[in-house]
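Q: I am new to this structure. Could you take me through it in steps?

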Amino acid sequence: DTAKELHKNAISGFKSVQTGQVFDSNGGGSNAWFENRLAEYDVVLEDFCAVVGTASPGHKRIWLRNVYTENIAENALTECKNPDAPLVPRYTPCTILDPVPITLCFSGISTVKLQDGNRIPMKDIKIGDRVQVTEDGQFDTVHSFGHYKQ
């Protein structure tokens, strides 16, 4: 809040400030990123998707917090009672696109519909392809692969 008051004139013209949509990485606490035993890049990505409005339903931001409406460490981890216990991940589980009898998310044999109407296996998608992303037929561009394995 001190920085906000100190720089009020400089930042007041930013749309994000005007709409109260300013985020930082203190949702889990000031030092949480350095104190956790595992970096949760997948959860950070989900948090970013939540900020821009494309998150999975039910995802609650963990790392990114709105500086106007949320307290620092509002989503902090509880104290680790047993460092040898298995890690309980905090990401939202994937959704299988096609009902196939496998247990992997977005497997190479799952298929997607391209904007030209063709269906192709996930393994054949390329950066820049436009794939169907909603049940009502909306398409979006593939920008990267998060867990690609051959």
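The conversation below goes from the overall layout to single residues.

Q: What should I know about the numbering and the model?
A: This is a predicted model, in which local features need pLDDT of at least 70 and side-chain atom pairs count only at pLDDT 80 or more, while totals for chains, interfaces and linings use all residues. Residues are numbered from 1 along each chain as its sequence is written, and side-chain values use heavy atoms, with hydrogens and water left out.

Q: How many helices and strands are there?
A: The protein has five helices and six strands. Helices (H or I, at least four residues) and strands (E, at least two) are DSSP runs, numbered from the N terminus. Their pattern along the sequence is α-α-α-β-α-α-β-β-β-β-β.

Q: And what share of the residues counts as buried?
A: Of the 150 residues, 21% count as buried. Buried means under 20% relative accessible area, exposed over 50%, and partly exposed in between (1.4 Å probe, protein chains only).

Q: How many salt bridges does the count come to?
A: The count comes to three salt bridges. A salt bridge is a side-chain nitrogen of Lys or Arg within 4 Å of a carboxyl oxygen of Asp or Glu.

Q: Which residue does Asp24 form a salt bridge with?
A: Asp24 pairs with Arg65, with 2.9 Å between the closest N and O atoms. This pair links distant parts of the chain, since Asp24 is in strand β1 and Arg65 in strand β2 (residues 65-66), 41 residues apart. Arg65 counts as buried because its relative accessible area is 9%.

Q: What else does Asp24 reach?
A: The Asp24 side chain also reaches the backbone nitrogen of Asn26 at 3.0 Å. Leaving aside neighbours within four places in sequence, Asp24 is in contact (heavy atoms within 4.5 Å) with Trp63, Leu64, Arg65 and Val67.

Q: Which residues form the other salt bridges?
A: Glu70 forms one with Arg61, the closest N and O atoms being 2.9 Å apart, and both of these residues are buried. The side chains of Lys123 and Asp124 meet in another, at 3.4 Å from N to O. Asp124 counts as partly exposed because its relative accessibility is 35%.

Q: Changing topic, where is Asn75?
A: Asn75 is in the loop between β2 and β3 (111-113).

Q: Is Asn75 buried or exposed, and why?
A: Asn75 counts as buried because its relative accessibility is 13%. Apart from neighbours within four places in sequence, its contacts are Gly27, Gly28, Lys60, Arg61, Ile62 and Arg90. Lys60 is 15 residues from Asn75 in sequence, and their C-alpha atoms are 9.0 Å apart.

Q: What about Val133?
A: Val133 is in the loop between β5 (130-132) and β6 (139-141). At 49% relative accessibility, Val133 counts as partly exposed. Not counting residues up to four places away in sequence, Val133 touches Gln138, Phe139 and Asp140.

Q: Which residues form the nonpolar patch on the surface?
A: Trp33, Phe34 and Tyr41 form this patch, with about 410 Å² of accessible area together. Patches are made of residues with over 30% relative accessible area and no salt bridge; like charges are joined within 9 Å, and nonpolar side chains (Val, Leu, Ile, Met, Phe, Trp, Tyr) within 5 Å. Accessible areas come from the Shrake-Rupley method with a 1.4 Å probe, and for residues only the protein chains shown count as cover.

Q: And where is Phe34?
A: Phe34 is in helix α4 (residues 32-35), and at 69% relative accessibility Phe34 counts as exposed.

How values were computed:
A polar contact is a pair of N or O atoms within 3.5 Å; within protein, one must be able to donate a hydrogen and the other to accept it, and residues adjacent in sequence count only if both atoms are side-chain atoms.
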